[in-house]
Amino acid sequence: MKIYGSPFSPYARKARVLIHEKNIPCEYVIEDPWPAGSRIPAMNPLGKVPVLEIGPDNYLFESAHVVHYLDHLGGKPLPPADAAGYWKSQWWQALGNGMIDASIARVLESRRPQEKQMPEKITREEARIARAFATAAGNYQGGQYLVGADFSLADLVLGVAVQYIDIRYPHDWRGTHPQLRQWFDGIAARPSFEATLPPGFVRP
Ligand SMILES: N[C@@H](CCC(=O)N[C@@H](CS)C(=O)NCC(=O)O)C(=O)O
């Protein structure tokens with residue numbers, strides 16, 4: 001099995017963190033989706049990473065789908081197993097995925113030539129991110145993990161989202177939501193997070 005991704009992609013990083021957490025035998029292949037000669041569109045018609053190669057000419061794409069597949073390999077998905085916990089975890093994952101989408105949209109807009117940028121688009125994405133942080137802080141109940149007593153996909157997805165914001169949109173969310181910092185520091189220190197950091201990034 002192979003996972004195709006790029007080192008800064010938070011979508012690919014979700015899969016890479018999970019592969020590390022579950023010790024899944026899977027080769028990491030760095031492939032940039034942006035250049036004209038990229039191999040990604042041949043594997044994923046949408047032209048985006050991550051792509052998971054699960055067999056000859058057999059590819060999965062869309063990070064949520066890839067994460068779901070990896071989590072169910074071997075029949076032992078991460079907890080929580082109970083329905084209430086499962087849906088709570090899904091809620092956190094939706095929040096984290098939305099934060100990633102907003103952060104990417106903000107970055108892409110800010111990389112356009114100055115004269116083509118829409119400041120209101122950047123402001124809108126930043127407002128989305130600020131509301132998501134406030135919602136996360138309001139729903140966090142303390143403790144090491146977001147749902148139940150174990151590391152779950154809720155921690156994985158929100159952790160990747162928050163760290164991507166540290167990388168691409170550094171701002172003082174810790175000052176506004178100090179309780180979230182307590183949770184995040186524990187997640188960011190996990191070997192799976194450390195091992196998948198983009199090159200050159202040093203945790204604040
Ligand atoms: N919804 C997709 C988004 C993936 C995505 O946008 N990946 C970015 C890298 S961070 C990409 O490959 N972009 C290339 C492009 O938009 O052409 C997912 O969750 O997998």
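This is a predicted model: local features need pLDDT of at least 70, side-chain atom pairs count only at pLDDT 80 or more; totals for chains, interfaces and linings use all residues.
User: Which residues are around the ligand?
Analyst: Ser 9, Pro 10, Tyr 11, Pro 33, Trp 34, Gly 47, Lys 48, Val 49, Pro 50, Glu 62, Ser 63 and Ile 104. Numbering starts from 1 along each chain as its sequence is written, and side-chain values use heavy atoms, with hydrogens and water left out.

User: Which ligand atom does Ser 63 sit 2.5 Å from?
Analyst: An oxygen atom; the Ser 63 end is a polar side-chain atom. Glu 62 also places a polar side-chain atom 3.0 Å from a ligand nitrogen. Polar contacts here are pairs of N or O atoms within 3.5 Å.

User: What about Val 49, backbone or side chain?
Analyst: Backbone. A polar backbone atom of Val 49 is 2.9 Å from a ligand oxygen. The protein covers 80% of the 510 Å² of accessible area that the ligand has on its own (Shrake-Rupley method, 1.4 Å probe).

User: Switching to the sheet. What is the strand order?
Analyst: E2-E1-E3-E4, an open sheet of four strands with mixed pairing. The edge strands are E2 (27-30) and E4 (58-61). Strands are DSSP runs of E, at least two residues, and two of them pair if DSSP finds at least two bridges between them.

User: How many bridges join E1 to E3?
Analyst: Three, linking residues 2-5 to residues 51-55, and the two strands run antiparallel. Lys 2 has Glu 53 as its bridge partner in E3.

Technical notes
A residue is near a molecule or strand if one of its heavy atoms lies within 4 Å of it. A polar contact is a pair of N or O atoms within 3.5 Å; within protein, one must be able to donate a hydrogen and the other to accept it, and residues adjacent in sequence count only if both atoms are side-chain atoms.
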